[in-house]
Amino acid sequence: MVKAIDNRWWLAAAVAGFAALPWGLGIYHQHVLIVSLFYVMMTASWNLLAGYTGQVSFGHAAFAGIGAYASGILATKVGLNPWLGVGAGTLAAAVFGFLLGVLCLKMGGIYLSLTTLGFSEILHIIINNEYEITRGTMGLQVPGLIAEYSKLAYFYIFLAGAIITLAVVHRLIHANIGLNFRAVQNDERAAAALGVDVVRVRVLAFTVSSALAGMAGALYGHYLLLITPQIPSLDQQFLVLSMTVIGGLGSFAGPVIGAFGLEILSEYIRAYGEYHVLAFGLVALIVARFAPRGLVGVWKQFMDRRRPAA
Amino acid sequence: MALLEGRRLSKRFGGVQALTEVDFAVEAGAIVGLIGPNGAGKTTLFNIVAGALPPGEGQVVFDGWPITGKPAFRICRRGIARTFQVTRPFGEMTCLENVAVAIVNRRPDLGRAAWGPMAMEYLEAVGLGALAETAAKHLNVIQKKRLEIARALATEPKLLMLDEVLGGLNTQEIQEAVGFIRDLRDTRGLTVFWIEHVMGAIMQAAEKVIVLDQGRVLMVGTPKAVVADERVISAYLGT
């Protein structure tokens, strides 16, 4: 009990400290923090699916794209308020996630990965070709969330988005449904034999995860003010995957650590061109093979080993 | 009255006819043994009843409900629990959480504070209380079989289907296990449908034995009648 209270204080202190951080930083570093927070939303929600139910989706960036374009198109064509647009984008991603989930989650295993990969490519082609609506590779110019552009304000908006995302994930994995998530991941036949509606559990995880990606994408679009096919690209997808795997798949803190670590690192090595995604992918492969619980797992192992000695 | 009934069940895997027009009945409150040589189709029969495999032909009726081809989780919620011959623990979860999965899908209203003690009772019933917080992957084979039984019981079934739970036990442990299973029937009113290679256990515990051979029912009778039967002996020893 004492420990739980301790943890809560630590968490509050960390969030408060982090919230004060951008005041001492320049615009460039504020930008890096905002992008990092976008990736926290992406990795935490992808982890809900991949880390806790064992369903590897390659469509997470695509769902972020759906969120971004849904909100952006509504803002430019209908003049919808961007805040409502974020809600609409979240909803659109949830609907697509649900439909795709119902279609392919009955099959399980590798099929979700293949279907989402295909879905991602199809979406990419549509965005590139429906120039009239999406402005193709030129990008769609969209209004911002706030009248007067301020990095500081966007930082807090993204911080709120990240906290909402993490809260949803935390809530789900610690509820009874979280037990079902893990049971399905560990052994779906045994789960079904104990009364777990495996397909329903998977569709739920997929829908929630997609919706959160949609929210992240919509917010991101209204921050960049220009939505390009880069948001729903496979590059983006593999970056999110690498961040989660390196940070720690299936752990709560892992995706957060991975998102900040790799985003900040990629800013430093950007000078060497776009090879950083490739490099991260390779590192992620190595981590997945030798330390499947990522940095968080390595840290836990280290602490466990120290404990008996102390 | 039969709690579980199979009517003309057939199942084919490619060129292999695993079951051919199998008729069987499991009476409410009974312990019914299912025996037969390897490859006789015993586990296939279990899988069809539990919804883990779609049947080729035929019907399964449980408690008056046709459950043929229904998904496994619905059949579980109707009141059939099964264990797996090759155990299937949720390896990364603790023993307590393993059992909790069975509880929360029956009682979604329960929070951790409520299902914790309940799960503990099931674990204690099979002698795994001390390992409640251990990840299931660290259990040995026999403990994993016990966990299978604890999880199955936690679904609060009417019918418990056991698939070779005695493998690897010594004579004394078999005695205890048989006592435990008879106790389940006597105190909880469970019906037990039991695949077992350990004939001594079936002889002691079962009121009725169904013998499968090459996917067909070879005979049905009391344990005594079954072991004395020429056809059963030759099926086991080969002719």
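**Entry 1: a buried valine**

I began with B:Val49, which counts as buried because it has 25 C-beta neighbours inside 10 Å, and I kept in mind that the model I was reading is a predicted one. I placed B:Val49 in helix α1 of chain B. Which residues does B:Val49 touch, once those up to four places away in sequence are not counted? I found B:Leu4, B:Val60, B:Ile80 and B:Met161. As a check on distance along the chain, I looked up B:Pro89, which is 40 residues from B:Val49, and the two C-alpha atoms are separated by 21 Å.

**Entry 2: the open sheet of chain B**

I then traced the open sheet of chain B, whose six strands come in the order β6-β7-β8-β3-β9-β10 with mixed pairing. Which strands stand at the edges? They are β6 (80–82) and β10 (216–221) of chain B, and each has a single partner strand, so one side of each is left without a neighbour in the sheet. From one strand to the next, I noted an average twist of 15 degrees.

Looking at one pairing within this sheet, I saw that β3 (residues 31–35) and β9 (residues 208–213) of chain B run in the parallel sense and share four bridges. B:Ile35 has B:Val211 of β9(B) as its bridge partner. Helix α1 (residues 42–50) of chain B packs on the sheet, where it touches β3, β6, β7 (159–163), β8 (191–195) and β9 of chain B, and its direction makes about 150 degrees with that of β7(B).

**Entry 3: the antiparallel strands of chain B**

I turned next to β1 (residues 2–13) and β4 (residues 57–62) of chain B, which run antiparallel and are joined by five bridges. In this pair, B:Gly6 stands opposite B:Val60 of β4(B). Strand β4(B) is also joined, by two bridges and again in the antiparallel sense, to β5 (residues 65–66) of chain B, and there B:Val61 has B:Pro66 as its bridge partner. The hairpin of β4(B) and β5(B) has two residues between the strands, and I noted that B:Asp63 takes a positive phi near 55 degrees in it.

**Entry 4: helices of chain A**

In chain A I looked up helix α2 (residues 27–50) and helix α10 (residues 198–224), which pack at an angle of about 170 degrees with their axes 8 Å apart. With angles over 145 degrees counted as roughly antiparallel, α2(A) and α10(A) are therefore roughly antiparallel to each other. The residues that make the contact include A:Phe38, A:Met42 and A:Trp46 of α2(A), and A:Phe206, A:Leu212 and A:Tyr220 of α10(A). By class, I recorded 15 nonpolar and two polar residues in this contact, and no charged ones.

Helix α12 (residues 254–268) of chain A has 15 residues, and its span of 21 Å from first to last C-alpha is close to the 21 Å expected. Among its buried residues I listed A:Val256, A:Ile257, A:Phe260, A:Leu262 and A:Glu263.

**Entry 5: where the chains touch**

How many residues does each chain give to the contact? I read 17 residues from chain A and 23 residues from chain B. On the side of chain A, the elements that give two or more residues are α8 (176–186) and α9 (188–193), and the largest share, six residues, comes from α8(A). This side of chain A has nine nonpolar, four polar and four charged residues.

Terms used. Residues are numbered from 1 along each chain as its sequence is written. Chains are lettered from A and ligands numbered from 1 in the order in which they are written. This is a predicted model: local features need pLDDT of at least 70, side-chain atom pairs count only at pLDDT 80 or more; totals for chains, interfaces and linings use all residues. Two residues are in contact if their C-beta atoms, placed from the backbone, lie within 7 Å. Ala, Val, Leu, Ile, Met, Phe, Trp, Tyr, Cys and Pro count as nonpolar, Asp, Glu, Lys and Arg as charged, and the others, Gly among them, as polar. Axes are lines fitted to C-alpha atoms, for helices over the stretch in contact, and angles run from 0 to 180 degrees between N-to-C directions. Angles under 35 degrees count as roughly parallel, over 145 as roughly antiparallel, 65 to 115 as roughly perpendicular and the rest as oblique. The expected span of a helix is 1.5 Å times one less than its number of residues. A residue is buried if 20 or more other C-beta atoms lie within 10 Å of its own, exposed if 12 or fewer, and partly exposed in between; C-beta atoms are placed from the backbone. Two strands pair if DSSP finds at least two bridges between them.
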